[in-house]
Amino acid sequence: MGDRAVLVELGGGISPRINQKVRAFYNGIASQRIKGIKDLVPSYRSLMVAYDPLVISLDFLKSQIIEIWNTLDDARLPEPRTVEIPVVYGDKYGPDLEWIADYHKMTPQEVVRLHTKTLYQVYMIGFMPGYPYMGEVPDALVTPRRKTPRTHVPGGSVGIAQKQIGIYPVTSPGGWQIIGRTPLRLFDPQEQPPCFLEMGDRVRFFVITEQELLRWRL
Amino acid sequence: MAAVESIEVLSPGLQTTIQDLGRFGSGRYGVPPSGALDSFALRIANRLVDNPEDQACLETTLIGLRLRALNDVCIAVTGANLRPQVNKRPLEMWRSHVLKKDEVISFAGPESGCRAYVALGGKLEVLSLLGSLSTNLPAGFGGFEGRALQKGDVLLVESPQLKLAAAGREMRARWIPDYPGTWTLRIVWGPQDADFTDEAKRIFTNSRYTVAPQSDRTGIRLHGPLVEKKSDTAESIISEGLIAGCIQVPGDGKPIIILGETVTGGYRKIATVVSADLPQLGQIKPGDEVLFEPISMDAAQRALLKMEDSINAAVQI
């Protein structure tokens with residue numbers, strides 16, 4: 001990737017197993033604190049290593065990466081956390097819930113029931129600070145993106161796009177189908193870590209009422 | 001060290017933000033670098049006012065910024081020639097000056113380039129977040145309260161009086177870059193160039209592209225001959241990390257040069273602009289023309305070393 005990043009691909013598709021490898025590889029490289037690495041961006045199936053070519057040569061970086069890969073041990077990965085996320089579904093907080101229900105010929109209540117009984121995995125944080133990409137949506141709920149993206153999706157909105165679930169940390173444009181809203185603050189640059197969720201986390205959603213949402217914010 | 005009220009914003013112009021060399025190390029949280037789009041101009045501006053090279057400056061776009069000094073402060077303006085003036089008289093760029101209390105610096109509009117940098121001698125007092133003072137506009141944090149400057153904002157600078165003596169430093173004329181309006185950007189192929197036909201790659205490197213008006217700090221959008229992917233490849237790819245300078249080609253075949261506000265993406269990247277030419281990306285404005293020239297990794301490395309040498313040689317300290 002140009003003269004200051006390498007992209008290491010660890011598999012061909014989206015799967016928990018490949019993503020687990022990415023997480024192990026990320027931890028392996030991060031723990032070595034190699035001088036000249038500027039940033040690491042893990043994603044579904046790859047790890048991007050951004051480096052400063054004035055500090056480390058590509059050849060040396062590659063040899064370090066290969067060495068870490070060869071000595072990688074998945075078993076030493078810390079157990080993933082399980083995190084519960086409160087959501088108000090439907091109405092003004094989830095303007096696409098009815099549409100999704102119609103699309104799948106079920107009731108909104110069934111959509112919510114399916115959505116809350118699934119345990120999701122955070123595959124990556126990307127697109128914008130704190131935005132988690134989670135999977136996988138049960139087959140009965142797989143829904144295409146909106147044909148016309150919204151210019152204004154409120155922060156906290158929980159959306160579906162194909163087999164993925166995402167949450168908008170701050171108000172922004174977006175094309176995912178919005179089913180509900182969480183009062184949790186997903187990104188705060190003054191906190192350490194700045195993200196509520198991390199790659200590898202297991203996530204379960206639970207239903208709260210509008211009153212609970214408003215109280216949560218106080 | 002005491003912070004001094006140094007600058008009042010009389011008019012923010014089209015867009016003025018606080019930027020340093022960027023926010024690195026939080027990519028796993030989806031945090032992009034942000035930072036000065038022309039890092040060369042920012043580094044020089046800092047050197048001219050005796051600041052460390054990575055200090056935060058004001059980055060202003062095209063037209064309209066007006067600032068008043070609330071106290072004496074050493075300043076330098078670099079980057080695009082937006083015709084800076086002090087009390088309506090032309091101000092020499094690429095050189096440091098003392099802006100005296102109550103003097104007004106204004107920018108009449110672009111002569112060449114897109115973004116100018118105003119360095120203030122001393123240290124701008126804003127919160128460092130995740131290791132940087134840079135403003136991340138899309139996410140609304142960093143810099144001055146997470147937003148572009150507005151009329152009435154007052155900027156505090158730590159110990160500006162210590163830097164007044166730097167006034168008069170200048171950049172050697174032969175190192176001052178010019179911003180032609182037609183740009184040849186050096187690239188290295190990849191990471192997904194194999195997904196494009198040879199014909200598409202030939203078109204990409206033999207065409208002139210025009211910069212679209214929708215271009216901003218997130219990306220430079222190009223109009224011109226379409227770059228088509230191979231017909232047996234999917235519409236998009238699985239989202240992965242990317243860096244400034246990556247040239248994305250979405251399904252419509254119109255290339256976009258990614259700037260500093262994006263950390264992952266799901267479109268193919270045919271090529272990446274080399275480090276030595278990154279600062280130029282900050283000076284490309286709507287209507288300009290862009291051409292791409294593939295070079296080897298070795299050549300990219302040599303070009304970068306040459307640029308670093310020029311920064312060291314350009315300002316005598």
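User: Which residues are buried in helix 1 of chain B?

Analyst: A residue counts as buried if 20 or more other C-beta atoms lie within 10 Å of its own, as exposed if 12 or fewer do, and as partly exposed in between, with C-beta atoms placed from the backbone. Helices (H or I, at least four residues) and strands (E, at least two) are DSSP runs numbered from the N terminus. In helix 1 of chain B, the buried residues include Ser39(B), Phe40(B), Arg43(B) and Leu48(B). This is a predicted model, where local features need pLDDT of at least 70 and side-chain atom pairs 80 or more, while totals for chains, interfaces and linings use all residues. Residues are numbered from 1 along each chain as its sequence is written, and chains are lettered from A and ligands numbered from 1 in the order in which they are written.

User: Why is helix 1 of chain B largely enclosed?

Analyst: 10 of the 10 residues in helix 1 (residues 39–48) of chain B are buried, so the rest of the structure largely encloses it. Its buried residues pack against several elements of chain B, among them strand 5 (73–81), strand 10 (112–120) and helix 3.

User: How many residues does each chain give to the contact between chain A and chain B?

Analyst: Two residues are in contact if their C-beta atoms, placed from the backbone, lie within 7 Å. Chain B gives 35 residues and chain A gives 39 residues. On the chain B side, helix 3 of chain B supplies the largest share, 5 residues.

User: Where are the domains of chain A?

Analyst: Domain bounds come from an automatic or database domain assignment. For chain A that assignment gives domain 1 (5–76) and domain 2 (82–216). Their centres, taken over C-alpha atoms, are 29 Å apart.
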